[in-house]
Structures are given as structure tokens and as C-alpha cells.
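Q: I'd like to learn how to read aromatic pairs and nonpolar cores in a model. Can you walk me through one?

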Amino acid sequence: MKLTKIQQAKSKLLLQQAFFATLIMSTQIEETEHVPTAATDMVKIMYNAAWVATLEVGQVMTVLAHEVLHIVFKHGLRRHDKNLKFSHKRYAVKAFLMKFSMQSNMNAKLRLLLEQAQSVL
């Protein structure tokens, strides 16, 4: 049986990034067509399978880590906080990913896709 890219990314995280793997393994991950890329409702991570299919496994690892950090930092709970802009939330997540060398997996194509999706939402 062939593993999906989500399963491959979770397996690689277990081997390479125990911190993120621990967080992601305890988070429900759900395939849906209701999001164009990936998102979280602060309980689970949702992803669009067609979009994930266009990514490399390393990029999927970064996306999962990115989304789980929104849960950890409770960004969804602060959505209406006028003193904390979305760019600051994104900066905090990117800074954390860079510390764990996950940002290198996020190439220009993935950044563009994420920015396009965020502009739609």
C-alpha cells in the first residue's frame, strides 16, 4: 500500500522533527474540498488533496508544521484582536519554522500558493 503525501510527511516529521511530530500526531488531519490549500479551525488541520498532490513531501511537512503552530499559538482565538495583525501571526509562525529549519522546505511556488489562498480567505 502506497502512503499518501500526508502520511509520508508525518512519517518524515517523526524521524526529523520530533517536536512537530508530537504536535501533529495528536492533531486530527482531515481532507476536505472546503479549503483551497490548508487551514485550521483550532481543533483540526484541514487540507485540499488536489493542492497537496502538487507539493513535494518536504513542502507538506512545512504546511503541517505551519498549521499546527497556529493551533499552538492560539491564533484563531485572537482573530478579532485589533492589536495583533495577521502579519504578526504569520511572522511568529515563520520565525518558529525557521528556527527548526522547516522554512527551507517552503519554496517560492509554495509561498505564492499560500499567499494567493490567504488573499482569497
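Q: How many aromatic pairs does the structure hold, and how do I describe a pair of aromatic rings?
A: A pair of aromatic rings is described by the distance of the centres and the angle of the planes. Rings of Phe, Tyr and Trp (its six-membered ring) pair if their centres lie within 6.5 Å; planes under 30 degrees apart are stacked, over 60 edge-to-face, the rest tilted. Here there is 1 aromatic pair: F19 and F20, edge-to-face, 5.3 Å centre to centre with 80° between the planes. This is a predicted model: local features need pLDDT of at least 70, side-chain atom pairs count only at pLDDT 80 or more, and totals for chains, interfaces and linings use all residues. Residues are numbered from 1 along each chain as its sequence is written, and side-chain values use heavy atoms, with hydrogens and water left out.

Q: Is F20 buried or exposed?
A: Buried means under 20% relative accessible area, exposed over 50%, partly exposed in between (1.4 Å probe, protein chains only). F20 has 0% relative accessibility, so it counts as buried, while F19, at 37%, is partly exposed.

Q: Which residues have the most contacts inside the largest nonpolar core?
A: In soluble globular proteins, nonpolar side chains tend to be buried together. A nonpolar core is a set of buried Ala, Val, Leu, Ile, Met, Phe, Trp, Tyr and Cys residues joined through side-chain atoms within 4.5 Å. The largest one has 21 residues, and L13, F20, V60 and L64 have the most contacts inside it. α4 gives the most to this core, with 9 residues.

Conventions
Helices (H or I, at least four residues) and strands (E, at least two) are DSSP runs, numbered from the N terminus.
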